[in-house]
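Take a look at the sequence and the structure, then read on.

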Amino acid sequence: MSLPSFESIYGQPALWKSLKQGFENGSAVHAFLFVGDRGSGKRTAALVCAAAVLCEGADKPCGACKACKQVFGGVHPDLVRLGAEGASSIGIAAVRSLQETMRTKPYEAKCRAILLEDAQLLTQDAQNALLKTLEEPQEGNVLFLLCSQLEGLLPTVQSRCRLIRMGRLSKEEMRRGLADRGVPPERAEELFAASGGNLGRALEMHADPEYARMAERCVGLLEGLRAPEELPAALDSLKDMEKDRQLRRAFLEAMELLCQRLLRRSLGLPDCGGSALPRRDFTSERIHSMMDAIVWARKRLNANISWAAAVEPLLKRIIGG
Ligand SMILES: [Zn+2]
């Protein structure tokens with residue numbers, strides 16, 4: 001497969017075309033903020049932009065020059081990448097050390113490209129420190145912030161970056177993306193529906209035989225779990241996930257996708273079709289509170305709390321009342 005380029009990003013072709021022009025004629029801004037769910041392609045898109053910053057060719061990123069190959073091979077000396085690396089936050093020390101780096105000259109290219117992942121995990125202090133860099137851009141540095149949600153990022157940080165929202169793919173774009181990766185076309189419809197137009201998730205689901213079973217289990221809970229006295233049995237039914245990180249992740253993911261589809265239904269928006277939704281009606285407030293509980297559970301699992309304690313609030317919100 002050839003190296004990624006602006007043309008190979010699925011969805012929003014006009015956006016990528018205008019960004020490409022900006023990098024080619026030197027009019028691009030110094031800070032970008034990519035927002036999108038896990039699997040939405042924000043990292044790939046940001047990497048293509050970083051390659052465009054560092055590329056030595058005319059058609060940026062050309063995919064043929066040394067710089068492009070180094071970027072996509074993960075070894076370009078002027079591509080700086082940092083993120084939370086599994087920690088629950090990114091502190092001020094990391095930002096200070098980045099600012100130190102930004103004051104130095106790039107090694108090989110005219111410019112340095114910086115990918116800061118998990119930006120939603122920057123502490124308030126770290127964001128305030130970063131703000132200075134965003135307000136007075138250090139010549140020769142282009143910053144790409146990546147985050148899964150804008151909540152948690154100071155409005156002042158957001159407003160000083162060019163915001164790039166990774167959209168959901170249309171059915172047709174998804175079909176193309178899956179076909180390009182060798183997924184049989186007969187699976188496209190189902191994966192499109194189940195992933196909510198998120199290609200990364202669709203590919204994960206395709207690769208994971210556990211997924212279909214997991215979605216079924218989640219529908220079972222959403223449909224059946226209605227009374228507080230059923231809580232212990234429900235917790236017990238999730239015991240197999242206790243020691244299995246993969247299963248826990250698949251469970252929370254499947255639950256989140258079902259909640260997103262339930263929310264669309266509660267707002268009277270069309271469903272993407274496909275796998276069955278529970279018939280039970282949830283108010284949008286309740287669905288939002290369930291989605292909050294999913295985010296909370298993920299955070300707690302990162303902090304090494306027990307699976308039962310992490311998932312219990314979610315089950316309670318499914319019960320409601
Ligand atoms: Zn190049």
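Is Arg-162 buried, partly exposed or exposed? Arg-162 is partly exposed, with a relative accessible area of 34%. The scale used here calls a residue buried under 20% relative accessible area, exposed over 50%, and partly exposed in between, with a 1.4 Å probe and protein chains only.

Before going further, a word on the ground rules. This is a predicted model, so to speak of local features pLDDT must be at least 70, and side-chain atom pairs count only at pLDDT 80 or more, while totals for chains, interfaces and linings use all residues. Residues are numbered from 1 along each chain as its sequence is written, and side-chain values use heavy atoms, with hydrogens and water left out.

**Around Arg-162**

Arg-162 sits in strand E5. Helices (H or I, at least four residues) and strands (E, at least two) are DSSP runs, numbered from the N terminus. Setting aside residues up to four places away in sequence, Arg-162 touches Leu-15, Ser-18, Leu-19, Val-29, Ala-31, Phe-32 and Leu-33. Contact here means heavy atoms within 4.5 Å. Glu-139 is 23 residues away from Arg-162 along the chain, and their C-alpha atoms are separated by 17 Å.

**The sheet**

Strand E5 belongs to an open sheet of 5 strands, whose order is E2-E3-E4-E1-E5 and whose pairing is parallel. At the edges are E2 and E5 (162–165), each of which pairs on one side only. On average, neighbouring strands of this sheet are turned by 15° against each other, direction ignored. For angles like this one, axes are lines fitted to C-alpha atoms (for helices, over the stretch in contact), and the angles run from 0 to 180 degrees between N-to-C directions. Two strands count as paired if DSSP finds at least two bridges between them.

Now for two of the pairings. E2 (residues 79–82) and E3 (residues 112–116) run parallel over 4 bridges, and Val-80 stands opposite Ile-114 in E3. E3 also pairs with E4 (residues 141–147), again in the parallel sense, over 5 bridges. There, Arg-112 has Asn-141 in E4 as its bridge partner.

H4 lies across E2, E3 and E4, and runs at about 170° to E3.

**Salt bridges**

Side chains of opposite charge can pair when their charged atoms come close. How many salt bridges does the structure hold? It holds 24 salt bridges, each being a side-chain nitrogen of Lys or Arg within 4 Å of a carboxyl oxygen of Asp or Glu. Here are some of them:

| Salt bridge | Closest N and O atoms |
|---|---|
| Glu-7 with Lys-20 | 3.9 Å |
| Arg-38 with Glu-253 | 2.7 Å |
| Asp-281 with Arg-265 | 4.0 Å |

Start with the salt bridge between Glu-7 and Lys-20. Glu-7 lies in the segment before helix H1 (13–24) and Lys-20 in H1, so the pair ties together parts that are 13 residues apart in sequence. Glu-7 counts as exposed at 57% relative accessibility, whereas Lys-20 is buried at 11%.

Next come Arg-38 and Glu-253, which also form a salt bridge. Arg-38 is in the loop between strand E1 (31–35) and helix H2 (42–54), and Glu-253 is in helix H12 (residues 245–266), so this pair ties together parts that are 215 residues apart in sequence. Arg-38 is partly exposed, with a relative accessible area of 36%, while Glu-253 is buried, with 7%.

Then there is the salt bridge of Asp-281 with Arg-265. This pair links distant parts of the chain, 16 residues apart: Asp-281 is in the loop between H12 and helix H13 (284–302), and Arg-265 is in H12. Asp-281 is exposed at 67% relative accessible area, and Arg-265 is partly exposed at 32%.

Which residues are linked with Glu-253 in a network of salt bridges? The network links Arg-38, Arg-201, Glu-204, Arg-249, Glu-253, Glu-256 and Arg-298. Leaving aside neighbours within four places in sequence, Glu-253 is in contact with Arg-38, Arg-201, Glu-204 and Arg-298.
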